[in-house]
Amino acid sequence: MLRFIGVASALGAPLPDPKDGPAALREMGIVAAARRAGLDGGWGTSIEAPPGPRLPALAALLEQVAHEVAASLASGRVPVILGGDHSIAAGTWRGVGRALGEAPGLIWIDAHLDAHTPDSSPTHNAHGMPLAALLGAGAPEMCAVDGPPLDPQRVAVIGVRSYEPEEMRLLAAFGVPVYGIAEIRRRGLPTVFAEALQIVAGDSRPFGISVDLDALDPRAAPGVSTPVADGLAVAELATALAGLIRDGRCRAFEIAEYCPARDAGGLAARAAIDLLEAACRPDAAGLRQWEETRGAANYAPLPVVLASGEGCWLRDVNGARYLDLMSAYSAVSFGHAQPRLVATLSAQAARLAVTSRAYSNDRLPLFLKRLTDITGYARALPVNTGLEAVETAIKAARKWGHKVKGIADGRAEIIACHGNFHGRSTTIVGFSSEAQYRDGFGPFAPGFRLIPYGDAAALDAAITPHTAAFLVEPIQGEGGIIIPPDGYLAACADICRRHDVLLIADEVQTGLGRTGYLLASEHDGVRADGVILGKALGGGLLPVSAFLADERVMQVFTPGDHGSTFGGNALSAAVAAEALELLGDLRLVEHSAELGRRLLARLAAIAAGTPLIRAVRGRGLFAGIEVDAALTDARALAEALLKRGVLTKDTHGTVLRIAPPLTISAEELDWGLDRIAEVFADAGKSLPRLPCAA
């Protein structure tokens, strides 16, 4: 149980800004963050700075802080103290010691040493003095708070990069270890933090954490009193703090120096909340258990819990780094946290997000024009998920068949292929050939026929006067990266034209550069009558999809025929429009074609050296490694790659999918391919050796 204590004080600071920090963090949901992480907590009290001369008022304030902290611990609750300037720490940690009967160990996370005395301080601001006071040196008003002084052998300072020599000499005299930013860069924060934790909490002794938000890089947390460049990364510090409040040894947690007036975008508040949530969160095993026991069992994820991403790399909750060769089934084609997309998302979210299509917004027209200009189609109907776009295409095809082609109402048929994957609605799984996707979910909608994939003659034979459309994936992704014979799609397009049947290409996974062309249909020189886009269209940030077609097809829709509350919302439209711009600005289609040749050549070389691989298939940065199921299992290989820092996924237990962000560099791709080669080499060592010929 946590008890939040807000200390609205700037008595130690040069400006009044920090006094508003506790109330602002409360309003921003810091208490809710602890509950979200599974710890009960509530707001205990708000302490206001008393009037009067600064130092006497500070002495009274510190005593009140110490009293509230000690009372929280005495009642069995862990105090979370929110400042206010960092001078409040002189009360916090004396109060902890008072309740425990001994001084706690303390990790002090700060850009500054805060170890001045009145004689050494150039500014005489008390927020530069609390650590010295806690050690028993400095201003009497700060040292006199009831409670034991800190044991310098159980104090560690992390993140320092701005201080006066007198402060460092004082801490050196006490023997307090100081981990400056240069040492952290050299050794890594995980190593430094583990060492500091051993110093303050060795032998299972009680400790606490005090975080001055200026320890963070000011680009990520600008709302502080005295920012210093080149600070700690929020995600990295969050990883270090993960689960510490759940550690029975951690007796208090303090966050100081938040200045809302300097935090126009709320970044520093978000950072503070993220740090506290991380400290409250269960470990990876606990998080996985919640997912397994509180969620439906419709997924079997690989054994990793991811927490952050940048570019082509992801980190798990323990800080381990992974190269992403999956890109969320092409949804993250632009990489994780792409700066332009994140900036667009943030700016638009702060301006206008969702109004429904009952009204026009100023972002959707820009997106629609850019999407149709780039693809060459006359119109687009925006929705959210790929499944919605497929359902939209089905409705369009059926109504076109009835209203334009003249098929009797309710008799229109759509042809699809064995091995297809167009989504998981009951309509769509009704024409799946995968038994599991259908098992128990009937009855299914009629009006669909299946033919073999890659067989144009089968399409010609299957068409009847009731056929409205042929729905096909240019490459079957979930089916195992199945590539049809050269010319297949072109032949299908000719057949559809002869029979007045719509050719609809599902490019949810293959579209927007994935295969080295804007659309995978272009490999065969085909312009489908309708195209379904999704995944990458949302920039890896939001679900955005669309059905595109010319007037001949889109004319069937009238107001009320089809809709989506979130489809075409201003936020999604802004992000998707920016994603389309990035596609050209970064030349990602060309990059995919170039690196795709490198990818497939290297995979072919790996395959040539092992009997485990039956085939390598792919186009652009979309490849599959089919393994011999009698010799190995693709899921096991994916788990082996995970252990080597590579994220991929199997499909049907026989194919490893390789589909990295289109932004991947040649060096990153080569690194991942080296790991793939190692995994296959290791797996091959377990194969039985054939006897040598006599």
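Glu102 counts as partly exposed because its relative accessibility is 30%, where partly exposed denotes the range between buried (under 20% relative accessible area) and exposed (over 50%), computed with a 1.4 Å probe on protein chains only. Arg205 is likewise partly exposed, at 31% relative accessibility. The structure is a predicted model in which local features need pLDDT of at least 70 and side-chain atom pairs count only at pLDDT 80 or more, while totals for chains, interfaces and linings use all residues. Residues are numbered from 1 along each chain as its sequence is written, and side-chain values use heavy atoms, with hydrogens and water left out.

Glu102 and Arg205 form a salt bridge, that is, a side-chain nitrogen of Lys or Arg within 4 Å of a carboxyl oxygen of Asp or Glu. This pair links distant parts of the chain, 103 residues apart: Glu102 is in the loop between helix H4 (89–100) and strand S4 (105–109), and Arg205 in the loop between helix H9 (189–201) and strand S7 (207–212). Helices (H or I, at least four residues) and strands (E, at least two) are DSSP runs numbered from the N terminus.

The structure holds 39 salt bridges. Three of these pairs are listed below.

| Glu68 | Arg3 | 3.0 Å |

Glu68 forms a salt bridge with Arg3. Because Glu68 lies in helix H3 (residues 54–74) and Arg3 in strand S1 (residues 2–8), the pair ties together parts that are 65 residues apart in sequence. Both Glu68 and Arg3 are buried.

Asp585 counts as partly exposed at 48% relative accessibility, and Arg340 is partly exposed with a relative accessible area of 34%. Elsewhere, salt bridges that share partners join Arg644, Arg675, Glu678, Asp682 and Lys685 into one network.

Glu507 is a buried residue without a salt bridge; Arg619, the nearest side chain of opposite charge, is 9.3 Å away. For charge, Lys and Arg count as positive and Asp and Glu as negative, with His and the chain ends not counted. Glu507 is placed in the loop between strand S16 (502–506) and strand S17 (530–533). Leaving aside neighbours within four places in sequence, Glu507 is in contact with Pro474, Leu519, Ala520, Ser521, Val531, Ile532 and Leu533, contact meaning heavy atoms within 4.5 Å.
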